Amino acid sequence: MSPLPALYLDDLPGGPPPGTLLAVIADLPTHGGKDISFRKDQFLVRVFVQKVGDVIGVFENRCPHAGTPLNLFDDRFMDLSGTHLICRTHGARFRVTDGFCTLGPCKGQSLRPVAHEIRDGGVYTV
C-alpha cells in the first residue's frame, strides 16, 4: 500500500492556519512525544509530534485500524523499546519516519502524516 498524502490541517474544520507552532523541539519531553488538539465548535483535530534522535514525525493521532488515538495516557506514543510508535488500543507498531505499520491488524497501512516544516527550532503547520 502506498503512503498516504500529507494532511494539511487548515483543510479540516477546526484545523489551525498555516504557520501555527505545534511544538518547540527543545521543549519536547525526554520521550519526545506531544499530543496536540485543536477544537472549533463541534470539530476536533488531534495530531502528535514525536522526536526520536534526529527524526521528527508529525501525524494525525488516529489509528488506521481502530480510529482511536494512539496514546491512551499523556504524550507517550513509543513502544517500550523506544523504536516504534505503538497504538495503545491493540498494539500495532508504526515507523516514526513515515508512519508505516509494521505489526498488528493494520499491517501495511500508514498513519496520516501532517504537512509541517521545521524552522527556528520549532515544528510548524504549512
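**Entry 1: the sheet**

I began with lysine 34, which stands opposite valine 49 in E3. The model I consulted is predicted: local features need pLDDT of at least 70, side-chain atom pairs count only at pLDDT 80 or more, and totals for chains, interfaces and linings use all residues. Residues are numbered from 1 along each chain as its sequence is written, and side-chain values use heavy atoms, with hydrogens and water left out.

I then looked up the pairing around these residues. E2 and strand E3, residues 43-52, pair in the antiparallel sense over eight bridges; two strands count as paired if DSSP finds at least two bridges between them. Strands (E, at least two residues) are DSSP runs, as are helices (H or I, at least four residues), and they are numbered from the N terminus.

I noted that three strands form an open sheet with antiparallel pairing, in the order E2-E3-E4. Strand E2 (33-40) and strand E4 (55-60) are the edge strands, each pairing on one side only. On average, neighbouring strands of this sheet are turned by 15 degrees against each other, direction ignored. Axes here are lines fitted to C-alpha atoms, for helices over the stretch in contact, with angles from 0 to 180 degrees between N-to-C directions.

**Entry 2: the aromatic rings**

I searched the whole structure for aromatic pairs and found two. Rings of Phe, Tyr and Trp (its six-membered ring) pair if their centres lie within 6.5 Å; planes under 30 degrees apart count as stacked, over 60 as edge-to-face and the rest as tilted.

Phenylalanine 48 and phenylalanine 59 form a tilted pair, because their ring centres are 5.8 Å apart and their planes stand at 40 degrees. This pair links distant parts of the chain, with phenylalanine 48 in strand E3 and phenylalanine 59 in strand E4, 11 residues apart.

Phenylalanine 48 and phenylalanine 77 form a stacked pair, with 4.1 Å from centre to centre and 10 degrees between the planes. Phenylalanine 77 lies in the loop between E4 and E5, 29 residues apart from phenylalanine 48 in strand E3.

I recorded Phe48, Phe59 and Phe77 as a cluster linked by ring pairs. Are its members buried or exposed? Phenylalanine 48 is buried at 0% relative accessibility, phenylalanine 59 is buried at 2%, and phenylalanine 77 is buried at 1%. Buried means under 20% relative accessible area, exposed over 50%, and partly exposed in between (1.4 Å probe, protein chains only).

**Entry 3: the charged side chains**

I counted four salt bridges, each a side-chain nitrogen of Lys or Arg within 4 Å of a carboxyl oxygen of Asp or Glu. One of them joins arginine 93 and aspartate 79 at 3.5 Å, N to O. Arginine 93 lies in strand E6 (residues 93-94) and aspartate 79 in the loop between E4 and strand E5 (85-86), so the pair ties together parts 14 residues apart in sequence. Arginine 93 is partly exposed at 24%, whereas aspartate 79 is buried at 11%.

Another joins aspartate 98 and arginine 95, whose closest N and O atoms are 2.7 Å apart. Aspartate 98 is partly exposed at 32%, and arginine 95 is partly exposed at 33%.

What does arginine 119 form a salt bridge with? The partner is glutamate 117, the closest N and O atoms being 2.7 Å apart. Arginine 119 is partly exposed at 31%, and glutamate 117 is partly exposed at 32%.

Arginine 119 also lies over the face of tyrosine 124, at 3.9 Å from the ring centre. I applied the rule that NZ of Lys or CZ of Arg must be within 6 Å of the ring centre and within 35 degrees of the ring normal.
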